[in-house]
Each structure stands twice: as C-alpha cells, then as structure tokens.
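Dear colleague,

My notes on what was found in it follow below.

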Amino acid sequence: MKKEAVHQKTTCYHCGEDCGKQIIMVEQKNFCCDGCKLVYQILNKGGLCDYYELTKNPGSSRKISVRKDKFLFLEDNKIKQSLITYSSETQTHVSFYLPQMHCSSCLWLLENLHRLDEHIVTSKVNFSRKEADIVFNHNKISLRNVAELLASIGYEPYISFKDIKKDKPHFDKSKLYKLGVAGFAFINIMLMSFPEYLGIDTKEQILVNMFRYLNLLLSLPVFFYSASEFYVSAWKSIRHKYLNIDAPIVLAVIVTFGRSVYEVVTGTGGGYFDSMSGIVFFMLIGRVLQDKTYEQLSFDRDYTSYFPIAVTRLNKQEEETVTLPDIKLDDTLLIHNEELIPADGILTRGTALIDYSFVTGESLPVKKEMGEIVYAGGKQIGSNIEILVIKEVAQSYLTKLWNRDESKSTDSKKQHSFVNLIARYFTWIVFSIAAIAAIYWSFNDPSKIWNSVTAVMIIACPCALLLSNTFTNGNVLRILGRNKFYLRSATTIESIANANHIVFDKTGTLTSGSYHDIEYVGKPLPLAYKRKLAILTSHSIHPLSKALASYFGSAVHEDVIGYTEWPGHGIEGIVEGDLVSLGSRKFILDDNDVLDETAVYFSIEEQYYGKFIFRNQYRHNVLMLISQLRKSYSLSLLSGDNAGERQFLTGMFGKHASVLFHQKPNDKLEVIKQMQTNGDHVIMLGDGLNDAGALKQADVGIAVSDNSNNFTPASDAIIEADQLPKLAKFIRLCKINKRVVMLSFIISILYNIIGIYFSVQGTLSPMIAAILMPASSLSILLVTFGSSTYFARRMGLV
Amino acid sequence: MGVILLLLAASITVAGIFLAAFIWSVKKGQYEDEDSPPVRMLFDDTIPKSNNN
Amino acid sequence: MLDHSKGTGFSGVSASSETRSELKVERFYYDNNIVKMFAYATILWGVVGMLVGLLASIQLFLPSANFDFAPTTFGRVRPLHTNAVIFAFVGNGIFMGVYYSLQRLCKARMFSDVLSKIHFWGWQSIIVSAAVTLLLGYTSGKEYAELEWPIDIAITLIWVTFGINMFGTIMKRRERHLYVAIWFYIATWVTVAMLHIVNSFEIPVSFMKSYSWYAGVQDALVQWWYGHNAVAFFLTTPYLGMMYYFLPKAANRPVYSYRLSIIHFWALIFMYIWAGPHHLLYTALPDWAQSLGVVFSVMLIAPSWGGMLNGLFTLRGAWDKVREDPILKFMVVAVTCYGMATFEGPMLSLKSVNAVAHFTDWIIAHVHIGALGWNGFLTFGVLYWLIPRIFKTPLYSKKLANTHFWIGTIGIVLYAVPLYWAGFTQSMMWKSFTEEGQLKFQFLETVTNIIPMYVTRSLGGTLYLVGVLVMVYNIYKTVTAGQLEANEAAEAAPLAKVFVPHDSQHWHRWIERRPVQMLVFSLIAVAIGGMLELIPTFLIKSNVPTITSVKPYTPLELQGRDIYIGEGCYTCHSQMIRPFRDEVARYGEYSKAGEFVYDHPFQWGSKRTGPDLARIGGKYPDSWHYNHMYDPRIMSPGSIMPPYPWLLENQLDTTSTAAKIRAMQTLGVPYPEGYDKRANEDLVQQGNKIQADLKKDKIKTGNTTEIVAIIAYLQRVGTDIKGEPKVITASIP
C-alpha cells in the first residue's frame with residue numbers, strides 16, 4: 001500500500017478513478033483501464049464526446065470486463081419473448097435496467113444510442129427507475145447486440161431471473177386522483193362557504209342557497225371518492241377487532257357530512273363541507289407524502305433478482321440455454337467462470353472453487369471435488385464445471401430459506417403503532433364527552449342534544465393526530481432518503497425507534513468483503529522474491545491471489561513455466577528459474593494443525609519462507625459507530641466466517657455482546673428468534689443472502705449495499721455502506737420522530753379543547769370549525785416539518 | 001350580486017377543465033419520472049455539428 | 001429554404017401519424033424565423049410602449065406635454081401605454097418564448113407555419129389598430145380592456161389561431177412528457193380565452209362604439225375579476241413557464257425541484273382565479289365579496305413564493321456564474337421582483353393597507369415592480385440568450401449587456417421608490433385633519449407636494465428606456481454579425497405507443513390518444529361555462545339595492561358621459577367615495593351600489609391623480625367647468641390636469657343618440673318606449689339651458705358642443721341620491 005501512496009494520483013478521464021501505476025494514454029487523456037479507454041474510443045467514433053463535457057468523468061469503472069458471450073442467452077427465443085415489451089414485424093421494444101445510470105451525461109448518452117448504431121430507433125430513459133426503453137430494428141441487430149452495445153459503453157444491463165415475471169413496481173395513482181379531486185372541491189367549497197362567514201346579507205338569500213347547494217354538490221366526490229381511502233382501512237381494522245386511527249376519523253367525516261347535508265336541506269345552515277373536504281384534502285397530502293416510494297430500489301427482492309435469467313444446459317453434449325424455471329431434476333448444467341450456481345446439484349465434472357461469501361458469509365472460496373453437493377447461490381471461480389441438478393431452483397436449500405416466513409405482513413406491524421393506541425383512547429374520551437353533553441342537554445334543553453353531540457364528533461376528529469403523524473413520517477423519510485438510508489415504509493421508523501438490540505453481520509456489512517490488510521510473517525523478503533510472487537499470483541483468479549497481487553503492486557506480465565493451480569490448496573510454477581509454491585499450510589508445510597486465521601504460506605524451491613496473514617478490511621468508521629451504539633444498545637455479531645478475528649471483534653463489541661462465528665443462515669435466523677422471545681426488539685444489519693432469513697425475522701432488517709442498485713436481500717430498509725457510520729444518528733432521528741408527533745398532537749389537542757368548548761354548548765358555528773381546521777392543520781404542518789428538520793439539521797443530516 | 005354566479009360558473013368551469021387535465025396527466029404517467037424531464041430539457045436534439053449546449 | 005422547411009414541417013405531421021406502426025428517427029426543423037419575428041416585435045413595441053409611458057409620466061408634472069392636442073392627451077396616452085406594454089411588449093414576448101421553447105420541448109416544428117404567420121401579423125395589426133383607435137378616443141372605458149368590440153373579436157380569432165397552433169404542436173410532439181412550462185402555457189391560453197370572452201360582453205352601438213353588458217357594481221366586479229386575472233394569466237403564468245424553461249437553459253442546470261414546480265403549477269391554477277375583488281375594497285361592492293378577494297389573495301403567497309424560490313434555488317451553487325453572466329443577472333432580478341410583487345400584492349389586498357394605498361401612486365409602483373422587473377427583465381434575459389442562439393453567433397457585447405442590466409436596475413429603483421413615497425405621503429395628506437376637524441390639505445396641495453417624486457420617476461423611467469436602447473444596439477450588432485438559422489435541423493423519433501401500463505379504456509385515455517379532443521373538450525366546457533354565465537345576467541338588476549331617486553341619464557348627459565369616457569377621464573378621476581371620514585368630508589356622501597345601476601360601463605376608476613368626481617354634480621357653476629376645461633390652471637393654479645380646448649369647438653354628433661338610447665334600452669335602462677326618436681329634442685333643450693346659463697357668465701357657445709354635453713354630465717354625476725332623505729354617513733376614522 002505504501003508504494004500506492006507515493007505516486008501522485010492521475011484520475012481516469014472516463015470514470016474518474018485513480019489510474020494506479022500503468023496509465024493508458026489516448027489523445028492526452030488518461031484512462032485507468034482498457035475498458036474505460038474502449039468506451040471513450042467508441043463514443044469518440046460516434047461523435048458523442050459531449051458525454052464528457054456535460055459532467056466530469058461521468059463513466060463507471062470498467063476494470064472488471066464483461067464476460068464474452070455473457071449475453072448469449074439473449075439469443076434464446078423464450079427469454080427474448082419474456083424480456084421484450086412489444087414487437088412488430090420490423091421493430092422490437094425492450095426495457096433494460098441499467099444500474100450504472102447516475103448523471104445527466106448518462107441520460108444524454110443513452111438517449112442518443114441511435115448515433116452509435118442507426119438500427120436503434122430510439123431510447124428513452126426513466127431516471128427514477130434507472131431503466132431505458134429501447135426500440136430497435138431486430139432485422140438488423142439482435143437483442144443480444146443491443147445488450148452488448150450497452151455493455152460496451154459502460155452500461156451493462158442487469159438482467160435477472162426476476163425479469164421473466166413482469167412485475168414492474170408501478171406506484172398507486174389512485175391517491176393522486178383522490179388528492180386532485182379533493183383539492184379542486186376544497187378550494188371551490190371554501191370559496192363558496194366564505195360569503196356566509198364574511199356576512200353576506202340576507203338580501204341575497206338566492207345566492208346563499210345557490211352556494212350551499214353547490215357546496216353540497218362539490219362535496220359529494222370528496223365524501224364518496226376521495227375519502228374512500230380511510231373507509232377501507234377503518235373497515236379493515238374493525239374487522240380485525242381493532243380500532244385504528246382511521247376509524248374515529250371516518251366517524252367524524254360521516255357525521256360531518258351527514259349533519260351538513262341535513263343543515264343544507266332543511267335550510268338551517270351552511271354545513272361544514274369546507275372543513276370536511278379540507279381535512280380530507282390535508283390527510284391525503286399526508287398520506288401521499290408518507291407513501292413516497294424509492295422506485296430505483298426494491299425492498300422485497302428475492303433470490304430471483306439475484307439469480308441469472310438463464311444458464312447453459314448440456315443435452316447430450318449439446319449446449320443449450322435454459323431459463324431457470326425450466327431446469328428439471330437430473331439436468332446437467334454447465335457453469336462458466338464467475339457464474340452463479342442456480343440449483344443444488346452434484347458436481348459431475350471439474351473441481352469447483354465456489355465463492356459462497358455472498359450466500360454464507362464465508363469470505364474464502366470453498367473447494368468441492370467431484371461427487372460433492374454444491375448449493376445454489378454460490379459463484380464458481382476458475383474453470384468451467386458441470387453439475388447434475390438434484391433439486392429444482394425453487395426447492396433449493398437457500399431458496400427455501402429466503403422464501404420462508406412470508407406471514408410477517410407490514411400492517412400487522414402497523415397495529416402496534418402508538419398512534420393507533422392514542423387514537424383509541426382518544427375515541428373513547430370523545431364518546432364519553434359526547435355522552436355527557438347529550439345527558440346534560442337532555443335535562444336542560446333537549447333541542448340542543450343533536451347539535452352538541454354531532455359537533456363534538458366533528459371537532460374531536462383525531463385527524464390532527466393523523467396529520468402530525470403522516471407529515472412527520474413523510475419528512476423523516478425524506479431526510480433519511482437524502483442521506484441514502486431508505487426505509488420501506490413509514491412504520492419502519494417507529495420499529496427502529498423501538499428497537500433495543502442491534503445485530504450485525506460481519507462480511508460485507510462491517511467489512512468491505514475484500515482482504516486488504518495483509519501482514520507478512522517470516523524470513524525477510526528480498527525484492528526479487530516479491531517480484532516472483534507477484535508474477536505467480538497474477539496468474540490466479542483466486543481472491544487471495546488477487547489480493548496478494550495488488551499487495552505486491554503492479555502485475556508484471558511474465559510467463560510462468562508449468563503453472564498449476566490446485567483448487568482449494570494453492571498454486572505453484574517456475575518463475576524466472578525458481579519453483580514458487582503458494583497456498584494453504586497443508587499445501588506448503590503439509591501438516592494439519594489449523595490455526596483459526598486466514599493465511600497463505602509460500603515456499604521457494606521447496607523451502608518455506610513465510611506466510612501472509614489476511615485480515616478483513618473494516619469499513620471506515622464502523623468502530624466509532626459500534627462504540628456509539630454500545631452505550632445504549634445490546635449488540636451482537638453473527639458471522640458466517642471463521643473466528644479469525646474473534647479478539648479484535650470482541651474488543652470492538654465489548655464483553656457483554658455475543659459474538660458468534662460459523663453461523664449458517666438458519667442459525668442466524670434462530671438466534672434472532674431467540675432474542676425476540678426474550679422480549680428484545682431487534683435491528684439486524686446484513687448484506688448477504690445468508691442474512692436474508694435473519695433480516696426478515698428481525699423487527700427491522702437493514703440491508704447494507706455497496707451500491708443500492710445491485711442486489712440486496714429482502715429488508716425493511718436499505719442503507720448505503722458508506723452511510724453506515726451515521727446509523728446512530730438515523731436511529732436517533734427515528735426516535736425524535738415519535739416525540740415530534742406527540743408534540744404536534746398536544747398542540748392539536750388544544751385546538752380540540754377549544755372546539756369542544758363550543759360544541760358541547762351546541763354553538764359550534766361552521767365558521768369556527770372552518771377557522772380551527774386550517775389553523776390546526778397548518779400549525780401542525782409547521783411544527784412537524786420545522787422541528788423534525790431542525791433536529792435533523794442539528795445532527796448534520798440536512 | 002347575481003353577476004358573481006356568472007364569474008363562479010366561469011371559474012368553476014375552468015377549474016373543472018384543469019381538474020380533468022390533472023387526472024389526465026396523472027393517468028398518462030406524466031409524473032412517474034420526475035428526474036429525467038428537467039435534465040432532458042437541457043439538451044436540444046439538434047444535429048451533432050450544431051449541437052451547442 | 002423556407003418552402004423546403006415548410007415541406008418538412010408538414011411531412012412531420014403526416015409522418016408522426018403514420019409512423020405509429022413504424023418508428024424511425026425523423027429529421028425536422030425548428031422554425032426560428034417566427035421566433036425572430038416575435039422577438040423583433042417584442043423589442044419594437046417595448047420601446048414604443050415605454051416611450052409612450054415616459055411621455056405620460058412627463059405629462060404628470062408638465063401639462064404642456066399634452067400639446068393641447070386630443071390624441072396626445074394623458075387620458076388617451078395612458079391607456080395606450082398600458083395596452084402597448086401589456087399586450088404588445090409582453091404579449092409578443094410571450095409568443096417569442098412560447099414559439100421557441102414549445103418547439104424544443106415538444107421536439108417538433110410548430111404545427112403550421114401558416115398559422116404562425118397569421119398569428120404574428122394578426123397580433124401586430126391588432127396592436128396597430130389598438131394604438132390608432134385609442135389615440136382617436138375609441139375606448140370601452142374599462143381598464144386593460146379598453147379596446148372596442150371589433151378589435152375584441154379580432155383578438156378572440158387570433159387567440160384561437162394561437163391555440164390551434166399550440167395544441168397542434170403538442171399533438172405532434174416527439175417527447176411524451178409535457179414539461180411544466182407547457183402546462184403554464186396551456187393554462188394561459190385557456191384562462192385568458194375565458195377572461196376575455198366574459199369581460200368583453202358588450203352591446204355594439206355603432207362601429208367602434210359599444211356599451212358594457214354589465215352596469216355599475218356588476219361591471220366593476222367583472223372588470224376587476226378580469227383585471228386581476230389578466231395580471232395573473234397574461235403577465236404571470238406564461239412568464240413562469242418561460243422562467244421554468246429559459247432559466248435552467250441559461251444556467252445549464254436542471255430546475256431546483258421539478259416536483260415543486262409541478263405543485264407550484266397546480267396550486268396556482270386552482271387558486272389564482274379568485275383574487276380579483278381585492279381591487280374593489282371599500283367600494284360599493286358587498287363586503288363579503290371584498291373579503292373573499294382578500295382571503296384568496298393572501299393564500300396566493302404560498303404558491304407564488306414556491307415558484308420564486310424554485311427559480312432562485314436553481315442557481316444555488318452557481319452564483320459565480322451569475323456574477324459574470326448578464327443573462328442570469330437579469331433573470332435573478334426578474335425572479336426576485338416576482339417574489340416582491342407577489343408578496344406586496346396580498347399585503348395590499350389587506351383592507352387596512354389598501355385603505356392607504358388604493359387610488360395612490362403606491363399601486364403604480366407596485367405594478368411597475370412587476371412590469372419592469374419581472375416581465376421586462378425576464379424578457380431581456382430571454383432575448384440576450386435566444387438571439388445569439390438563433391443567429392448562431394455570440395452576443396455582440398457582454399459588457400453592454402451588463403451596462404444595460406445596471407442602468408435598468410437603477411432605473412427600476414429610481415422609478416419605484418419615489419412613487420412608493422409619493423403614494424404614501426399623498427394618502428397621509430388626504431387623511432390628515434386639523435384639530436378643528438377640518439381637512440388639513442386641499443387636494444391640489446397633495447398633488448403639487450409629490451411633483452418632485454413624479455420628476456424622479458420619469459428620470460427612472462428614462463434610465464430604464466436608455467438601458468433598453470443599449471440592448472437594441474447590442475442585439476442589432478449581434479444580428480448583423482450572425483446569420484439567422486431560419487430552420488434549425490434536429491432529429492428525434494416520434495412517440496411510440498405506450499404498451500405496458502394502464503390500458504384501461506377510460507375517457508381520459510380517449511383524450512390521451514387524440515389530444516385534439518382535449519382541446520375540443522375544453523372549448524365545449526368553456527362554451528357551457530359561457531351559457532351558464534348568461535343566465536344570471538338576467539337576474540342582475542333584481543339583487544342590486546335600487547334607489548328610487550336614481551334615474552337614467554338624459555340624452556345629453558349620456559353623450560357627455562361618452563366624451564368623459566372617450567377622453568379617458570377615468571384614468572385620473574375616480575367616481576367612488578369610500579366610507580372614510582376624510583373622503584366623506586372631502587367629496588361628500590359615500591357611494592352606494594344603487595347609484596350605478598345605469599352606468600354602462602362603470603367609471604369608478606382606480607387612481608386619483610385628480611380628485612374624486614362621484615359628487616361633482618352641482619358643486620361648481622357651468623362656467624367654472626367651461627373655463628376649467630379650456631385651461632384648468634385658470635380655475636385652479638398649479639393643477640396638472642391637461643387642457644381640453646377642442647371640447648369647446650367640437651360639435652356633438654347627435655346622430656348617434658337614437659342608437660345609444662336603444663342600446664341602453666336593451667340593457668334594461670328604463671327609457672320610455674320609442675324614446676330614441678324623441679331623445680334628440682330633449683338633448684337640444686337641455687343644451688339650450690346650459691348655453692343660456694353660460695351666457696350669463698359671458699360665455700358664448702353652441703347648444704350642442706361637446707363642452708355642453710360634458711358639463712351636463714358632470715353636473716349630473718352623483719346628484720340623484722341627494723333627493724333621498726340623507727343617510728347617516730357611516731365613517732371610518
């Protein structure tokens with residue numbers, strides 16, 4: 001690493017990354033890798049270099065090149081059909097998900113594809129969804145060509161098994177319609193209610209009646225359409241034998257409407273149409289704010305979006321592409337280097353070196369010999385292998401795990417929301433007040449009963465509470481989203497606030513997954529040897545070799561005589577005259593005492609020299625985060641990896657924290673269950689599929705993603721890895737959220753008391769209602785937005 | 001002030017038109033992607049040579 | 001070249017329809033020529049309108065600047081100024097902005113070059129005829145809608161042409177999403193159409209003469225409902241659309257929050273329409289209607305400021321850019337002025353503030369913040385940005401543009417500040433009493449007191465105009481340096497059908513597929529609206545409190561009133577005494593709604609450069625009026641009123657009397673059956689009386705000279721009610 005530090009950084013003209021030592025120069029422009037250079041040359045040829053003018057280094061790094069014929073499967077008709085949205089005799093419409101899309105340059109380039117290939121008719125970008133709808137002439141170029149073109153300019157389409165089942169995340173528009181209707185009606189009703197408040201004189205009775213009936217007319221769509229939202233959820237809750245907040249609100253709305261109609265028809269008054277439509281309008285705004293969706297990421301990805309859409313099947317030595325659902329028992333699948341194993345099977349040819357890090361959290365690839373069982377989800381590294389399917393995709397061990405425990409639905413959570421609890425007390429209080437008022441008047445002035453009772457119902461509508469809740473949630477979601485912490489729904493805020501136990505996964509969550517801390521233990525190492533090792537390692541694609549190669553600095557491209565790789569053991573070969581061997585302790589020293597550490601031993605000319613000890617690289621500032629959380633939360637670590645770093649981690653988490661290693665996905669899930677049965681409210685942070693079960697089981701599952709576009713397991717929230725250190729703050733904000741709601745609720749209660757004061761006397765004029773309604777709504781709006789933003793700013797989140 | 005009815009009628013008619021327009025635009029998915037349009041309008045699709053932006 | 005371009009223009013239409021099945025990238029051409037024409041018109045009329053404005057402002061402290069010549073008298077110059085600046089300068093500015101941005105936002109050439117041309121030349125000829133007729137004294141006497149009925153019709157036709165051209169372009173667009181700017185344009189079109197139609201209900205008497213359909217209070221309400229919304233939908237929404245297009249373009253960065261802009265639009269649209277009545281506070285308009293205006297005006301702050309902030313935030317982090325780019329400077333000031341004006345507006349609509357500001361120069365200052373700052377500067381910004389682009393050459397001189405900016409800004413300040421000051425002081429003087437409870441100042445004193453401010457104002461105006469002239473030079477040099485790319489080539493594929501989502505066969509789906517229905521639909525809706533509107537106009541009279549002693553005008557008075565209107569007296573004299581202690585003390589009994597039932601159109605006015613005339617009748621002898629009209633400074637030295645010597649010579653055209661009476665009858669003015677035949681006899685009789693009365697004071701004049709008619713009218717104004725048993729004057733101290 002020191003060497004790296006010395007030379008001053010030159011950044012890649014394409015992707016803006018550090019070019020490292022060997023810089024590629026084209027037309028006085030630096031590139032970090034051939035990939036980037038290639039993209040530049042393509043664009044240059046197409047006269048699309050404005051791409052680089054619009055934003056600085058708009059590209060994404062191309063260091064990892066796309067496997068040739070990776071998109072072979074797009075030749076397969078069945079797959080084609082499942083992907084394309086429409087096809088005429090000459091033209092095909094397809095929509096690709098392009099995770100790399102991020103700036104205006106991307107948009108510009110992707111909408112000018114027709115300049116790169118005239119057979120592409122048009123391409124339209126949907127930035128929010130990171131999708132490009134492309135129309136091309138399939139007589140001239142194939143779907144595969146299009147995909148490869150995109151890949152060649154740095155936008156490799158992300159096509160997964162999920163794309164077969166067409167379930168585009170399209171957001172619910174009905175709320176917006178309702179909002180529009182309510183808004184329209186509200187404004188006009190207000191307009192025609194004011195004259196009465198503003199003292200239109202009796203001389204103009206015709207007008208007055210006109211206004212009243214027009215109001216009645218306008219309020220119909222509000223009552224029957226816009227408000228239906230609340231009827232439904234109220235009815236649901238009642239069916240669940242449970243009073244949620246919408247119940248009293250609906251009651252209030254109905255009473256208000258009923259009384260207003262009565263007043264208008266009997267000509268006794270103007271009614272409360274404005275208050276009613278107003279409150280419905282505001283509550284809808286709240287709901288819309290709160291239901292903000294992050295289209296670019298989906299919270300319930302299952303294995304299907306992780307798996308490839310198709311794999312190669314060997315049918316009597318004939319290679320054929322087959323979509324995952326069509327994989328049958330006893331099929332023989334050909335798995336290429338860097339490809340996923342889609343179904344559990346038995347290894348029938350080649351030695352597998354399978355990287356389960358994402359699946360199980362083990363950071364080292366596992367060696368499998370012929371005849372051994374390989375589990376779905378692992379990624380083969382190295383030569384091609386063949387497996388015999390013994391379980392269909394849907395039945396595979398991990399698949400089952402991910403699919404389990406679907407029962408936990410969000411609205412079962414919702415019921416625990418404190419808002420609903422308050423609402424319930426609230427309702428009872430209202431009823432009793434109404435009752436008291438009724439009784440009182442029945443003795444004194446029975447004519448006033450109906451008046452006062454309905455008035456109480458109207459005024460005591462806990463809509464203020466709903467407003468304060470939805471608006472605050474909406475704002476908090478917004479703020480968190482700005483900080484790249486995306487919550488699945490508003491209810492998650494509360495669950496986070498209520499949590500008292502936080503569980504971490506190690507690999508990929510606390511660590512960045514790759515090994516960079518390398519320590520050398522052994523005889524002093526002359527430069528010549530370093531060079532030899534560098535050469536040797538540069539030939540292997542094993543993660544540890546790669547790590548070493550980069551540790552030695554630039555890869556020197558020299559041939560190695562008799563290079564051999566012993567999967568799961570090590571590599572050796574003759575480098576510049578010396579036999580260099582590198583690998584496990586057993587491979588080099590041929591003894592079996594296993595230290596629980598990740599180390600690579602090496603010998604030169606059969607002579608042991610020393611070992612390299614690998615340590616995970618922990619994400620920036622996680623220690624700080626942990627030490628912060630330690631104060632107020634009980635913490636745990638569940639790692640699927642070896643216990644190599646036990647001391648370090650226990651040091652980090654403290655004695656009381658349970659730090660467990662070698663955790664299988666199922667174990668993790670069980671541990672969480674255990675905690676919950678002990679009455680803990682658990683937040684689980686994980687990144688891998690091995691955490692999927694745990695994430696689901698936990699009260700709040702937070703998926704850590706290095707880049708929110710790529711796969712994250714199902715979860716309640718997604719956090720960008722580099723934002724992890726802020727987690728403590730995020731949690732605090734979620735807690736504040738609750739306090740803000742309470743605060744604004746108290747304020748609204750004050751309004752209610754004023755209102756009740758009038759209504760119990762049966763003297764609640766529409767005017768007063770019309771003043772109280774917007775007054776309370778607006779002050780709530782201000783308080784919620786104001787205070788939540790204020791706190792967020794104080795924490796430096798805004 | 002009978003004339004106010006006239007103005008009302010006119011105003012509500014217009015408001016109605018715009019309500020229709022609103023529903024239409026939502027239905028049409030005009031607001032599904034709020035990120036691309038403001039960026040897209042910055043580019044004129046003039047032919048490469050004369051592309052100055 | 002042009003024909004060729006036309007070809008592509010039209011082939012574009014057919015293409016997009018047939019390519020539904022077969023998409024291919026189409027090459028098409030933006031029509032920059034029409035943009036250029038509108039740009040030139042904008043500049044030309046801008047200069048003219050401002051010159052006229054300058055003249056008018058000078059006339060306010062230098063009466064001789066009226067040149068004793070009817071067409072150059074303030075009463076006719078001022079309407080010309082307002083019309084020229086609003087409909088000629090800003091109007092062409094709007095079309096320039098729309099024709100440039102709409103084509104690019106829709107990725108399509110304008111729907112039809114022919115319509116574009118018709119639109120352009122039609123609009124220009126309307127402007128010219130407006131200028132001529134206004135100077136000749138043909139006016140409907142309703143502010144900002146002075147133009148007479150034939151021109152009103154022409155406007156309607158051209159507006160429809162524009163509409164077809166715009167919606168046509170939207171139909172054949174190659175970009176599915178309608179950028180927020182387009183929504184603002186659509187709103188402008190629909191609403192202005194409706195406003196123009198409703199407010200222009202008038203009954204023609206002769207070619208170039210008509211009477212407003214409505215009378216008195218009704219007329220006032222309609223007029224200001226129109227007047228305010230004209231500001232809203234002619235001076236604001238289209239320019240907001242332009243802001244949302246040209247500001248991001250000029251800064252080359254997307255608008256701060258697109259979502260906010262969308263909310264901004266819909267909120268504005270649903271609220272704006274109702275702010276009108278705040279122009280009539282404390283008038284005879286019923287209180288509730290007044291307060292209604294106030295409430296909605298105040299609510300408007302929210303969306304307006306939303307828009308302003310959205311505009312300014314767009315430049316966050318780009319202030320360094322702003323520092324050197326004059327275009328952005330112009331736009332920033334424009335948006336800021338929009339913010340100021342939209343804040344001041346609602347404040348002015350608050351009754352207490354309005355009580356002070358109304359009828360004074362405060363309002364003039366307020367509107368000029370909007371006109372000079374918001375509309376003017378945004379237009380300049382757009383011109384500086386757009387001209388070099390369509391002429392494919394850099395701006396001739398950035399330095400000059402900066403100079404223009406600074407001169408202009410100083411101009412605005414020098415214009416507005418003195419007028420705010422003038423308005424405030426004059427109002428205070430009007431309202432001040434001595435210990436004995438006497439009015440402290442004569443009206444004339446309050447006028448002479450603010451003359452220095454008027455001078456400074458003209459200075460500011462001059463500066464602003466100089467700035468514009470600098471721009472003219474700058475743009476001229478740019479244009480000559482460059483070469484207009486009349487047809488700018490661009491390419492894009494037509495819209496593909498939406499295949500995936502929501503294929504439900506709803507009615508809006510139906511509209512969606514053929515946008516023309518959308519247009520038709522809205523027109524029908526407007527028509528229905530129109531129908532609905534007619535009904536209540538019949539029950540108008542029924543619900544205005546009638547005063548038995550209020551009688552229709554005599555033929556001579558009617559003729560005199562038309563002269564009063566024709567000379568634009570209403571531009572300086574109100575006829576509306578508000579129930580304030582000072583106004584009642586100064587002018588007399590405050591005005592009642594019932595007094596105006598026969599006023600087609602109403603003449604309440606909106607500015608008191610001269611004193612209120614609601615109770616002028618019988619206040620002075622006929623001879624006083626005679627001399628005063630001949631030269632105001634004889635009767636009241638220091639007066640700034642222009643002289644009207646020609647009234648003394650001109651003979652009344654009595655042939656029109658019959659028609660006028662008949663027209664009034666159809667509008668429900670209770671002249672006896674067949675009175676139109678006898679009308680002129682009565683006219684002459686009354687003329688003789690006045691003639692005789694003047695003779696007593698050694699004044700010789702004909703019995704049917706215009707002066708006689710106008711004296712007859714003035715002596716009548718506000719006298720009817722005096723027959724009534726005195727009502728106790730409710731006065732607000």
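Please keep in mind that this is a predicted model. I begin where chain A meets chain C: Lys124(A) forms a salt bridge with Glu175(C), with the closest N and O atoms 3.5 Å apart. On the side of chain A that touches chain C, helix H7(A) gives the most, with six residues. In total, 27 residues of chain A are in contact with 23 residues of chain C, and the two chains bury about 2,200 Å² between them, 71% of it on carbon and sulfur atoms. Of the area that chain A buries against chain C, 24% is supplied by Ile187(A), Leu191(A) and Leu198(A), more than by any other three residues.

Within chain C, Glu148(C) may interest you, as this residue lies in the loop between helix H4 (113-135) and helix H5 (149-171). Glu148(C) is buried yet has no salt bridge, the nearest side chain of opposite charge being that of Lys209(C), 4.7 Å away.

As for chain B, its secondary structure comes to two helices and zero strands, and 87% of its 53 residues are buried. The accessible surface of chain B comes to about 1,200 Å², with 60% of that belonging to carbon and sulfur atoms.

With best regards

Notes. Residues are numbered from 1 along each chain as its sequence is written. Chains are lettered from A and ligands numbered from 1 in the order in which they are written. This is a predicted model: local features need pLDDT of at least 70, side-chain atom pairs count only at pLDDT 80 or more; totals for chains, interfaces and linings use all residues. Side-chain values use heavy atoms; hydrogens and water are left out. Helices (H or I, at least four residues) and strands (E, at least two) are DSSP runs, numbered from the N terminus. Buried means under 20% relative accessible area, exposed over 50%, partly exposed in between (1.4 Å probe, protein chains only). Lys and Arg count as positive and Asp and Glu as negative; His and the chain ends are not counted. A salt bridge is a side-chain nitrogen of Lys or Arg within 4 Å of a carboxyl oxygen of Asp or Glu. Accessible areas come from the Shrake-Rupley method with a 1.4 Å probe; for residues, only the protein chains shown count as cover. Contact means heavy atoms within 4.5 Å. Buried area is the accessible area (1.4 Å probe) that two parts lose on being put together, summed over both.
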